[in-house]
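Dear colleague,

I am passing on a structure that you have not worked with before, and my notes on it follow below. Please read them with the structure open beside you.

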Amino acid sequence: MIDWMQVLDPLGTAGRVPALLDQVEHDEDAEAWDHLWDALCLEGETVVPASFAALPRLVALGRRSPEALSLAGSIMRGALQDHGADDLLLKCTDVVAQLRKLLDQRLKSRPTDYLHAFRDLLAADGQYHWSAVLGDFTDDFYHLRCPCCDVKVTVAIGDYGRYSAIRDWHAGDIEKRELKPASPEDLVGTGRWIYDTAVRDGQDWLAKGLTCLFGRAECPRCASTFDIAAEYTAANLPSPGE
Ligand SMILES: [Zn+2]
């Protein structure tokens with residue numbers, strides 16, 4: 001049981017959370033949900049200790065409420081923030097495992113907000129970096145440095161092309177080189193898991209974009225090729241408190 005009197009309350013809103021949870025558990029009151037989002041995940045981003053105190057009830061409610069699942073997932077996306085509730089989060093290990101199961105089940109139902117739910121699942125799985133970076137591959141850019149010659153390389157994965165290039169502020173992306181997508185059978189680790197889940201759920205756009213993101217790019221300057229996902233991960237791995 002959560003002792004709400006012990007929950008740090010930097011925004012001064014934790015006190016009304018238990019009553020709001022009571023309310024949404026009894027009926028899907030839209031106004032109560034709005035207040036809960038404001039109190040637990042302001043602007044869909046900022047989490048507070050009360051967010052993790054509320055997580056067990058949200059996940060329990062998530063069995064029948066997509067809204068609860070979405071709020072719980074968004075809270076997990078903020079787990080690396082400097083929220084001062086690492087102790088509460090540690091106590092939630094079983095709850096987070098349950099959340100992962102529920103989010104995976106939800107993905108199987110192919111919801112319209114598939115990408116959002118997938119990013120929630122990645123966060124619940126502790127893959128915060130990929131949770132933050134995964135886009136819909138219609139207009140995605142990744143800014144990297146060539147590991148060989150250190151020149152800035154822009155990698156584009158979108159409807160208009162899938163290429164590596166040098167970004168010129170006047171001329172746009174120049175010296176474009178086609179990406180070399182990974183073969184699905186060569187994917188491992190997180191890439192493998194995301195790919196398999198996307199295929200299972202009929203999300204061809206995600207599966208296809210992923211083979212590019214986990215594929216190789218050619219540096220337009222020195223012509224060496226490098227692993228896009230590995231370089232992006234090395235440059236952008238979040239650290240606790242950021
Ligand atoms: Zn290079």
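This is a predicted model: local features need pLDDT of at least 70, side-chain atom pairs count only at pLDDT 80 or more; totals for chains, interfaces and linings use all residues.

From L40, by contrast, T138 is 98 residues away in sequence and 31 Å away in space, taken from C-alpha to C-alpha.

The division into domains comes next. The protein is split into domain 1 (4-133) and domain 2 (139-236), whose centres, taken over C-alpha atoms, are separated by 31 Å. Eight residues from domain 1 and seven residues from domain 2 take part in the contact. On the side of domain 1 that touches domain 2, the elements giving two or more residues are α6 (93-108) and α8, and the largest share, three residues, comes from α8. By type, the residues on that side of domain 1 divide into four nonpolar, two polar and two charged.

Lastly, helix α3 (residues 49-61) has 13 residues and reaches 19 Å from its first C-alpha to its last, which is close to the 18 Å expected at 1.5 Å a residue. A kink of about 45° lies at L55 in α3, shortly before the proline P56. Because 10 of its 13 residues are buried, α3 is largely enclosed by the rest of the structure; among the buried residues are F52, L55, P56 and V59.

With best wishes

Notes
Residues are numbered from 1 along each chain as its sequence is written. Helices (H or I, at least four residues) and strands (E, at least two) are DSSP runs, numbered from the N terminus. The expected span of a helix is 1.5 Å times one less than its number of residues. The bend at a residue is the angle between axes fitted to the seven residues ending there and the seven starting there. A residue is buried if 20 or more other C-beta atoms lie within 10 Å of its own, exposed if 12 or fewer, and partly exposed in between; C-beta atoms are placed from the backbone. Domain bounds come from an automatic or database domain assignment. Two residues are in contact if their C-beta atoms, placed from the backbone, lie within 7 Å. Ala, Val, Leu, Ile, Met, Phe, Trp, Tyr, Cys and Pro count as nonpolar, Asp, Glu, Lys and Arg as charged, and the others, Gly among them, as polar.
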